[in-house]
Amino acid sequence: MLFTSYKFVLFTALVILAYYIVPKKLQWPVLLVSSLGFYWYADPEHLPRYLGFLLITAVSAWVCGLLIGRADDISKAYLLEHKESLSKDEKKAYKDRVKKKKVLIMVLCLLLNLGILSVTKYTSFVITNINSFLKASKAIRIPDLIIPMGISFYTFRTLGYIIDVKRGTCKPEKNLFKFILFVSFFPQIVQGPISRYNNVAPTLFENHSFDDKVFFSGILRILFGYFKKLVVAERLVIAVKALSEDTELYSGGFVFIAMIFYAAELYCDFTGGIDITIGIAEAMGIKLEENFNLPFFSKNIKEYWNRWHITMGSWFTDYIFYPLSVSPRMLKLSKVSREKLGKGIGKRVTVYISCFLVWLATGVWHGAAWNFIVWGLMNFVVIMASGELEPLYEKFHKKFGLKKKKGYAVFEIIRTFLLMSMIRMFDVYRDVPLTFCMIGSMFVHPGLGSNGREAFAALGLTAADYGVIGAAVALIFALSTYKAIKGEDIRGRILTKFPLTLAVTSVLIITVLVFGAYGVGYDANQFIYNQF
Amino acid sequence: MKKGKKIILFAAAFIVTLILLWLLTLLFMPKYRRGIVEGAMIAEYYEDRKPHEVIFIGDCEVYENISTVELYREYGISSYIRGSAQQLIWQSYYLLEDTLRYETPKVVFFNVLSLKYNEPQNEAYNRMTLDGMRWSSSKWNAVQASMTPDEDMVDYLFPLLRYHSRWNELTSDDIRYMFGGGENVTIDGYYMRCDVKPQAGFPKAPVLADYRLGENAMNYLSMMADLCEEHGVTLILMKAPTEYPYWYDEWDRQVREFAQERGLEYFNYVDLRDEAGIDMSTDTYDSGLHLNVFGAEKLADYIGAYLSAGFDLTDYRNDPAVSSMWEEDCEAYDLLMQRQLSEIEEYGELVSFGANAI
């Protein structure tokens, strides 16, 4: 059931209706049943295979969470009971034992779920790479494994929960069904955001009365999400497909066009999908974390990653980067490297290693392909390079007083946009060498060639399509600029007047229905982030 | 704002949005007034107020090959052709079911060429046949039976979802005929062509791996026979007198056997062309694929003679109420023929038809 399918729209409408009709204490059970039904239906053969994987993850994390919580409770009670009788060392030894036990439970849970994720998602990739070193006769057969929809998203949500419980920053959920709902909540299972339990649980399980402002806020966001996905992304995908498939015709300057088109397509696809997700939740009074904050307004790559796919970035930072950076081995390595390489370089060695591992993991998380791995590492290289060059930038900025100039800020934004768009090209072409070749051709032959006009016309879009894309992108840009200047979404203004809310809702419905690229003649694509 | 006022505003906005969507649907639906006009044929039946004792059902081999006006003029038979381009047998079946909701004819002719298709074929042809059908369980079932894998029932229920992308190809016709109106494309289901292009040779019939007619198609033929039986209608199977697309002897034999089994008449008019006086050097407008009006009148005469002799049909020429309506159709028929013949005389071809029609 694609987000862009009629079935999904109808399904969502019925769920929201049921949510407000049933007695309040049944609201979250309605969501649970709907989410499990949605996930069951997502299996191409409508078998409970996807559901089986999801339930293993959910139940294992729930049990482990409870065991960790119980270990905490017992230790607290024990220490309280033996407050006077235990020496300081005995207390420390006891606490260490409990800590080890909690770590063991957490590690078992992580291994089980990362194991499922790895086997289902990466077996084929690993065997394919092994086979490339083997003779054809010795090639290992690639098993036909299913990849449960959204497994990367729900696994990461669950692992985040279990780590938080172990850290004591999150209380274990006692109700198994509530926890299954947290893992399986249907709008966000497909492409995130990767929510933290503490952030979602309060509004996910609490009762909500119908509030027209909250409801229409969600509906407007859903419609704007469909606008981005269907009016822009689904049109651009036609041209991007042509540009990425016929690489002989579309090299040189066309790679630049592909870069810009793909940047716009991915932005509208991913943010559109997230708008639909957050909008559905919002229409029911449930608050999910924001996943984007005007990423194309970033002035450098670091800022970009704080604004793009925010929940993924923070997940990797909180659960991989920081633990890795302060792990005893890293601290030891940091000490050694400072001694051997000097304070300046030495202190950066461990940061680089942690950062390298985080970006490697980010690339692998995105997909079982070298393109994603190289994409992750390219991000690492650029972040490290900009980090190293920062003192030089500072000097340069100070000397020319650039930091205060608006024009320079615009330059920084465009520079970051182009840089990130170029790195994103690893997502566009079929393999890594080809991507490098195509990026190279963009610099070597920047023109469109002698038959550029005909080749551009053969991209599959009409002048009217470009007109629609141009107008839609201009609107999205204007709304983003409004948000950047005013610091709030324009929805806030619209929602202050009920007649205006209704008018905008009506206009958006009609605009999406008329100008959306869907139905026969268009093949509404899966959201790009669904595959992760 | 008070709750009551909000509810009223919401209801008003909801209704206004629905009205706008309805208007947009009317605007975007293809009007089939020029070029490809076949999509307009099915809907025209509902405007006709005359009773029909003979109904022809099938594809272009019926709507281009039999002159309904000639049947009336010569024999007083009131007939209608429920045909459309590449009308598949399940569409014909449900169109017959649909027709039986409005009237019960005495005789139904079904042209068997579509038996060669056993599965849904083409979305564009589906739409041309099904969009014009009025909503009923018959239409629902016809859509279900006809949809190709890319199609969705919702697109039929809400045609705006199918035709929304026409926003950049709208013409003045789309506004002019938004609420209907304009001349009919057919006269009682007959689509007239007055030009002449003699039959030329056809490419050799390809050899098929399997000559058996599809189970699904034959099942619908059987259902059609049952339906006619239930309603006391005589079903007659026919194969139009044109040779291309090919109608293999093996297929012909299977239809003959079926007719025999079910006690039905089956006429292959290809074999009866001489008897009907059809001359493919003058009676076709497209090198033998379809008959022109001269051929269609000859075939109508031949069928009319058979019907008059074998069935107790009303001579509607003696029924003032019906004949007055038929006279209007005869007038329109003559006018259209005159217009086409004048065009042919003036330009040497029929410029108001075809893809480049002005």
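Helices (H or I, at least four residues) and strands (E, at least two) are DSSP runs, numbered from the N terminus. The model shown here is predicted, so local features need pLDDT of at least 70 and side-chain atom pairs count only at pLDDT 80 or more, while totals for chains, interfaces and linings use all residues. Residues are numbered from 1 along each chain as its sequence is written, chains are lettered from A and ligands numbered from 1 in the order in which they are written, and side-chain values use heavy atoms, with hydrogens and water left out.

**View 1. A:Gly460 sits in a loop between two helices of chain A.** Look for this glycine between helix H18 (452–457) and helix H19 (463–486). A:Gly460 is partly exposed, with a relative accessible area of 47%; buried means under 20%, exposed over 50%, and partly exposed in between (1.4 Å probe, protein chains only). From A:Gly460 to A:Ile413 there are 47 residues in sequence and 30 Å in space, C-alpha to C-alpha.

**View 2. A:Thr362 is a buried residue of helix H14.** Helix H14 of chain A covers residues 343–366. The relative accessible area of A:Thr362 is 2%. Leaving aside residues up to four places away in sequence, A:Thr362 touches A:Met312, A:Phe316 and A:Trp375, where contact means heavy atoms within 4.5 Å.

**View 3. Helices H3 and H6 of chain A cross at roughly 125°.** Two packed helices are described by the angle between their axes and the distance between the axes. Here H3 (residues 49–81) and H6 (residues 176–184) have axes that come within 9 Å. That angle makes H3(A) oblique to H6(A): under 35 degrees counts as roughly parallel, over 145 as roughly antiparallel, 65 to 115 as roughly perpendicular and the rest as oblique. The axes are lines fitted to C-alpha atoms over the stretch in contact, with angles from 0 to 180 degrees between N-to-C directions. On the H3(A) side, the contact includes A:Leu54, A:Ala58 and A:Trp62, and on the H6(A) side A:Phe179, A:Ile180 and A:Ser184 are among the residues.

**View 4. Chain B holds 15 helices and 5 strands.** Its C-alpha atoms fill a box of roughly 80 × 50 × 45 Å, taken along the principal axes. Of the 358 residues in chain B, 53% are buried. Among contacts in chain B with a separation of 6 or more, 83% join residues 24 or more positions apart.
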